[in-house]
Amino acid sequence: MEFAARQQVGYRCKQGHEFEITMSVEADIPAVWECPRCGSEGLSTAGILPEEKAEKPARTHWDMLLERRSEAELEEILTERLDLLRGGEIGPAHLHRTRKG
């Protein structure tokens, strides 16, 4: 039985621990590897850099709302709800305006 050709790949973590991992010469060498001593992320000492992940901007509630309704629709709904609230048809009793006359 013949073993695949191997190589030693070096890493260093933020704590300063240096370690080597044995990998096949045909393997894609990862830029980071978990440090066996402290568990933090060790970076390649061969200068292999981690890929920059394109981060999605955080979606706000407003963004999600605008995916479902236009601003004109939202203005209309707001106006309807305010009319109902002011008319005493919805909402807590202490917010209802008393009608004079």
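Modeller: Rings of Phe, Tyr and Trp (its six-membered ring) pair if their centres lie within 6.5 Å; planes under 30 degrees apart count as stacked, over 60 as edge-to-face and the rest as tilted. By that rule, ring pairs link Tyr-11, Phe-19 and Trp-33 into a cluster. Please note that this is a predicted model, in which local features need pLDDT of at least 70 and side-chain atom pairs count only at pLDDT 80 or more, whereas totals for chains, interfaces and linings use all residues. Residues are numbered from 1 along each chain as its sequence is written, and side-chain values use heavy atoms, with hydrogens and water left out.

Colleague: How many aromatic pairs does a search of the whole structure find?

Modeller: The search finds two. The ring centres of Tyr-11 and Phe-19 are 5.8 Å apart and the planes stand at 20°, so this pair is stacked. For Tyr-11 and Trp-33 the centres are 6.3 Å apart and the planes at 35°, so that pair is tilted. Strands here are DSSP runs of at least two residues, numbered from the N terminus.

Colleague: Is Trp-33 buried, partly exposed or exposed?

Modeller: Buried means under 20% relative accessible area, exposed over 50%, and partly exposed in between, with a 1.4 Å probe and protein chains only. Trp-33 has a relative accessible area of 34% and is therefore partly exposed. Tyr-11, at 0%, is buried, and Phe-19 is buried as well.

Colleague: In what order do the strands of the sheet lie?

Modeller: Two strands pair if DSSP finds at least two bridges between them. Here four strands form an open sheet in the order E2-E1-E4-E3, with antiparallel pairing. E2 (18-24) and E3 stand at the edges with a single partner strand each, so one side of each is left without a neighbour in the sheet. Three bridges join E3 to the antiparallel strand E4 (residues 41-44), and Val-32 stands opposite Leu-43 in E4.

Colleague: Which residues is His-17 in contact with, leaving aside its neighbours within four places in sequence?

Modeller: Contact means heavy atoms within 4.5 Å. His-17 lies in the loop between E1 and E2 and counts as buried at 16% relative accessibility. Its contacts, with those neighbours left aside, are Tyr-11, Arg-12, Cys-35, Arg-37 and Cys-38.
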